[in-house]
Amino acid sequence: IMGDWGKCVDFGISIAIQARTVILDAFKTTKVVALKSSPADLVTETDQRVENLLISAIKEKYPTHKFIGEESVAAGVRPILTDSPTWIIDPIDGTTNFVHRFPFVAVSIAFVVNKQTEFGLVYSCMEDKLYRAQRGKGAFCNDVPLCTSGQEDITKALVVTEIGSERDDLSLRTLTSNIYRLLKIPVHGVRTMGTAAVDMCSVATAGADAYYHVGMHCWDIAASALIVSEAGGVVLDVTGDEFDLMSRRVIAASSHTVARRIAQVVEAFPCERDDGL
Ligand code: LIP
């Protein structure tokens, strides 16, 4: 029996709206920036403030629910996904954009039960686009139903990816040679918006035909993976195997054909799983 998490969805939307207000207020100010895993992995006080706001609001409403939040993990909390209802939160996806005022930043909230995502919300703040999907109930952007392009031909595909914050040689070589091989197929183009969550939603809207990424974390894509599949897309591991939320590798595409073609050319550099397993 499918749990009815409709009330949680409504609550999630209400706190995503509050989070956006905080992000909009801070967007134009000068930020104090700290570093995390690399000189290009940034965090600001607003990331932490928004995550605290979201988690404390959810805790008050649903005291038994669990959390995996980007900044809590950065502060040392271990991200283990159990069967308990769990909120997976990225308070600001696109922190580098936020710091530079490049206008793509999103709040990403996913709700997972028995390791299955029940709903996902991505609020692209500057565009004022609220993407949402509930398992089995379709995907929407500001209440308009979403459908992927259905594109089957990789040579006609617009592909989105992320450059990420890795700056070591192996990661950079793999990352650039992946882009090289895709362009050589040739695809129509490669784009990057600076937020994995919004990138993936662009596949759901048919604005792009595919997205792939190695190195992002579960909080970047948990919500948007459901949004893509509910919009009729395909979500896989970059190996071509089944998607694994904690593996830090993803392909989201308009069709199996395009997803598998991308899996053939994209190589993964090693990165530790989010759950450390
Ligand atoms: C970032 C992503 C960005 C990606 C980075 C990082 P943050 O998340 O959304 O698209 O390239 O690997 O994960 O730190 O801004 O939430």
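By class, the shell around the ligand comprises three nonpolar, eight polar and five charged residues. The structure is a predicted model. Of the 16 residues around the ligand, those that come nearest are D93, T95, E162, G164 and A196. Strand β4 (residues 86-93) contributes three residues, the largest share of this shell. Because domain 1 (6-145) and domain 2 (154-265) both give residues to the shell, the ligand shell lies between them.

The domain assignment divides the protein chain into domain 1 (6-145) and domain 2 (154-265). A distance of 20 Å separates the C-alpha centres of domain 1 and domain 2. Contact between the two involves 37 residues of domain 1 and 25 residues of domain 2. On the side of domain 1 that touches domain 2, at least two residues each are supplied by β3 (66-69), β4, α4, β5, β6, β7 (129-134) and β8 (139-141). Strand β6 provides the largest share of that side, six residues. The class composition of the side of domain 1 that touches domain 2 is 21 nonpolar, eleven polar and five charged residues.

The largest nonpolar core contains 76 residues, and V122, M200, A210, A222, I227, I251 and A252 have the most contacts inside it. Helix α7 (residues 218-230) gives the most to this core, with nine residues. Since domain 1 (6-145) and domain 2 (154-265) both give residues to the core, it lies between them. The contacts of I251, leaving aside residues up to four places away in sequence, are with A210, Y212, L236, V238, A259, I262 and A263.

Two of the residues touched by I251, A259 and I262, are also among the buried residues of helix α8 (residues 256-265), which are V258, A259, R261 and I262.

Several loops show backbone geometry of note. Most residues other than glycine have a negative phi, and most peptide bonds are trans. The peptide bond from I185 to P186 is cis, its omega being near 0 degrees. P186 is located in the loop between α5 (169-184) and β11 (189-191).

A positive phi, of about 65 degrees, occurs at R101, which is not a glycine. R101 is placed in the loop between α4 (95-100) and β5 (106-113). With 13 other C-beta atoms within 10 Å, R101 is partly exposed. N114, likewise a residue other than glycine, has a positive phi near 55 degrees. The position of N114 is in the loop between β5 and β6 (116-124). N114 counts as exposed, with 11 C-beta neighbours inside 10 Å.

Terms used. Residues are numbered from 1 along each chain as its sequence is written. This is a predicted model: local features need pLDDT of at least 70, side-chain atom pairs count only at pLDDT 80 or more; totals for chains, interfaces and linings use all residues. A residue is buried if 20 or more other C-beta atoms lie within 10 Å of its own, exposed if 12 or fewer, and partly exposed in between; C-beta atoms are placed from the backbone. Helices (H or I, at least four residues) and strands (E, at least two) are DSSP runs, numbered from the N terminus. A residue is near a molecule or strand if its C-beta atom, placed from the backbone, lies within 6 Å of it. Ala, Val, Leu, Ile, Met, Phe, Trp, Tyr, Cys and Pro count as nonpolar, Asp, Glu, Lys and Arg as charged, and the others, Gly among them, as polar. Domain bounds come from an automatic or database domain assignment. A nonpolar core is a set of buried Ala, Val, Leu, Ile, Met, Phe, Trp, Tyr and Cys residues joined through C-beta atoms within 7 Å. Two residues are in contact if their C-beta atoms, placed from the backbone, lie within 7 Å.
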